Amino acid sequence: GLDVGFECGDMLEHDVSDCGVLVLASQCWDRDLKDLVCGKIEAELPVGALVIDYSTETLGESVVMRCAAQAEGLDVSWNESQAFYVYEKLPW
């Protein structure tokens, strides 16, 4: 069967080396935190893993993460027109 789990924790302290799908909410993070998280994802996330985020500012400049899909104008509880981006870890 499928091994699915949800874990809530400090992104900078949590091991993501076996993560297949990671959801970030980096829209309101400061630049320093975005840079730290990007570095951790680039270093630890396995090839082929996906990251879903509300912003392009955290992973949009990464050389090992590719924006594989995006959806714009989605109605969510905090915004009537929210964008979502799906990034894929490349084999570098």
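1. In this note, a contact means heavy atoms within 4.5 Å. The model under discussion is predicted.

2. By that criterion, Met65 touches Ile41, Leu45, Val51, Leu59, Tyr87, Glu88 and Lys89, with residues up to four places away in sequence left out of the count.

3. The largest nonpolar core comprises 17 residues, and those touching the most other members are Ile41, Leu45, Val51 and Met65. Two or more residues of this core are supplied by each of helix H1 (31-44) and strand E4 (79-89). In soluble globular proteins, nonpolar side chains tend to be buried together.

4. The surface also carries nonpolar residues: Leu2, Val4 and Phe6 make a nonpolar patch of about 460 Å². Phe6 lies in the segment before strand E1 (21-23). Phe6 counts as exposed because its relative accessibility is 81%, and the cut-off for that term is over 50%.

5. How many disulfides does the structure hold? The number is zero. Cys28 takes part in no disulfide, and the nearest cysteine sulfur, belonging to Cys8, is 16 Å away. With a relative accessibility of 74%, Cys28 is classed as exposed.

6. Is Cys38 buried or exposed? Cys38 counts as buried, because its relative accessibility is 10% and the limit for buried is under 20%. The closest cysteine sulfur to that of Cys38 is in Cys67, at 13 Å, which is too far for a bond; a disulfide requires sulfur atoms within 2.5 Å.

How values were computed
Residues are numbered from 1 along each chain as its sequence is written. This is a predicted model: local features need pLDDT of at least 70, side-chain atom pairs count only at pLDDT 80 or more; totals for chains, interfaces and linings use all residues. Side-chain values use heavy atoms; hydrogens and water are left out. A nonpolar core is a set of buried Ala, Val, Leu, Ile, Met, Phe, Trp, Tyr and Cys residues joined through side-chain atoms within 4.5 Å. Buried means under 20% relative accessible area, exposed over 50%, partly exposed in between (1.4 Å probe, protein chains only). Helices (H or I, at least four residues) and strands (E, at least two) are DSSP runs, numbered from the N terminus. Patches are made of residues with over 30% relative accessible area and no salt bridge: like charges are joined within 9 Å, nonpolar side chains (Val, Leu, Ile, Met, Phe, Trp, Tyr) within 5 Å. Accessible areas come from the Shrake-Rupley method with a 1.4 Å probe; for residues, only the protein chains shown count as cover. A salt bridge is a side-chain nitrogen of Lys or Arg within 4 Å of a carboxyl oxygen of Asp or Glu.
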